[in-house]
Amino acid sequence: MMDLSGAQLEAFLEMMSAERGAAANTLLSYERDLTDLREFLGKKQTLVLAQSADLSAYLAHLGRQGFATSSQARRLSSMRQFYKFLYAEGLRGDDPTSILDAPKKGRSLPKTLSEDHVGKLLAQAASEAADPAPGQLSRQRMLALLELLYATGMRVSELVSLPARVLDQQGRFLMIKGKGNKERLVPLSRAAIEAMRIYGESKTEAARRKEQTEESPWLFPSSGKDGFLPRQVFARDLKDLAIRAGLPASAISPHVLRHAFASHLLANGADLRVVQELLGHSDISTTQIYTHVLEERLRELVETHHPLAKQAKNRD
């Protein structure tokens with residue numbers, strides 16, 4: 001049977017240009033994609049007569065070649081347009097792309113910080129908070145915010161809206177009200193408790209000096225409409241602190257510190273389910289973005305403790 005694929009491809013490109021007004025670059029992309037598919041099919045199958053299994057094998061081939069999911073999706077889009085054209089023109093009685101699924105995009109890994117970088121950030125905040133110069137209360141507030149965030153991994157919206165009554169609590173646990181008004185209990189580090197205590201005392205003293213008769217119900221009060229510190233202000237001040245600590249501001253945000261909390265816990269032996277509870281994730285699948293940390297930990301565990309791995313190391 002004569003292979004008319006070349007002629008049909010040309011007719012398809014003419015239609016896309018004349019009827020759809022496709023740009024020159026778009027036409028070149030279609031031609032490149034479909035020519036590559038035609039070369040993959042080779043002599044076993046023609047482009048016009050290719051079946052769903054053939055096209056699925058081609059997409060799998062692209063995946064093995066290391067093509068990004070976005071590139072695979074573009075190739076599939078080109079195929080869909082071409083086979084819809086063939087079906088509309090009566091050149092095929094079916095559309096083989098109709099049952100093909102678009103390649104799934106992998107979930108991007110969350111940005112995080114190394115333990116060393118978090119240490120530098122906290123050290124800078126602690127050094128500034130100890131400075132008795134004017135503005136000390138705001139510097140003590142930043143240290144309390146940071147220590148609480150890294151100790152609990154709470155969402156920034158949960159952090160800035162903490163009630164002032166948490167200063168009266170006893171013990172090392174904090175009750176957080178999260179999404180959907182769900183409450184969860186999170187442990188506090190000694191550093192976080194101390195930072196809260198110092199900030200709370202200074203806050204009370206500042207209110208006494210100003211002779212304020214009515215105390216704010218918020219731990220981190222603000223004159224804004226919500227009454228508590230806007231998260232955008234905290235994010236901005238955090239970036240400024242990062243610069244003073246010699247860290248890239250673009251790599252640091254409250255959300256990145258939340259990720260650092262989770263990643264560092266897992267890297268140091270915490271269970272994924274425990275981290276799920278601490279983060280306030282209702283579904284374990286949300287927490288599974290951190291499985292790369294677990295995989296790395298397990299690899300190191302095997303390399304360190306498995307007898308065969310030890311023998312291989314000794315041979316080296």
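**Ground rules**

I number residues from 1 along each chain as its sequence is written, and my side-chain values use heavy atoms, with hydrogens and water left out. Since this is a predicted model, local features need pLDDT of at least 70 and side-chain atom pairs count only at pLDDT 80 or more, while totals for chains, interfaces and linings use all residues.

**Entry 1: helix H2**

I took helices and strands as DSSP runs (H or I, at least four residues, for a helix; E, at least two, for a strand), numbered from the N terminus. H2 covers residues 24-41, and at 1.5 Å a residue its 18 residues should span 26 Å. The expected span is 1.5 Å times one less than the number of residues. I found the end C-alpha atoms 26 Å apart, which agrees.

Next I asked which residues of H2 are buried. I call a residue buried under 20% relative accessible area, exposed over 50% and partly exposed in between, using a 1.4 Å probe and protein chains only. The buried ones are Leu27, Ser29, Tyr30, Asp33, Leu34, Leu37 and Leu41. Looking down the axis of H2, I see them fall within an arc of 160°, so they line one face of the helix. That arc is taken from the directions from the helix axis to the C-beta atoms.

The face turned away from the buried side has exposed Ala24, Asn25, Arg32 and Glu39. Helices H1 (5-18), H3 (52-64) and H4 (69-88) are among what covers the buried residues. After H2 comes glycine 42, with a positive phi near 55°.

**Entry 2: ring pairs**

My search of the whole structure turned up seven aromatic pairs. Rings of Phe, Tyr and Trp (its six-membered ring) pair if their centres lie within 6.5 Å; planes under 30 degrees apart are stacked, over 60 edge-to-face, and the rest tilted. Phenylalanine 12 and phenylalanine 85 make a tilted pair, 5.7 Å centre to centre with 55° between the planes. This pair links helix H1 with helix H4, 73 residues apart. Phenylalanine 12 is buried at 0% relative accessibility, and phenylalanine 85 is buried at 8%.

I then checked tryptophan 218 and phenylalanine 228: their ring centres are 5.0 Å apart and their planes at 75°, so the pair is edge-to-face. Tryptophan 218 is partly exposed at 25%, whereas phenylalanine 228 is buried at 18%. Ring pairs also join Phe12, Tyr30, Phe82, Tyr83 and Phe85 into a cluster.

**Entry 3: cores**

For me a nonpolar core is a set of buried Ala, Val, Leu, Ile, Met, Phe, Trp, Tyr and Cys residues joined through side-chain atoms within 4.5 Å. The largest has 52 residues, and those with the most contacts inside it include Leu121, Leu159 and Phe234. H6 gives the largest share of this core, eight residues. Apart from it lies another core, of 25 residues, among them Leu13, Met16, Val48 and Phe82.

**Entry 4: annotated residues**

The unreviewed UniProt entry annotates Arg155, Lys179, His255, Arg258, His281 and Tyr290 as "active site". Such positions are in the numbering used here, feature names are shortened, and annotations may be inferred rather than shown by experiment. What does arginine 258 touch, leaving aside neighbours within four places in sequence? Its contacts (heavy atoms within 4.5 Å) are Gly153, Met154, Arg155, Arg184, Leu279 and His281. Arginine 258 sits in helix H10 and is buried at 6%. Histidine 281 lies in the loop between H11 and helix H12 (284-287), and at 14% it is buried too.
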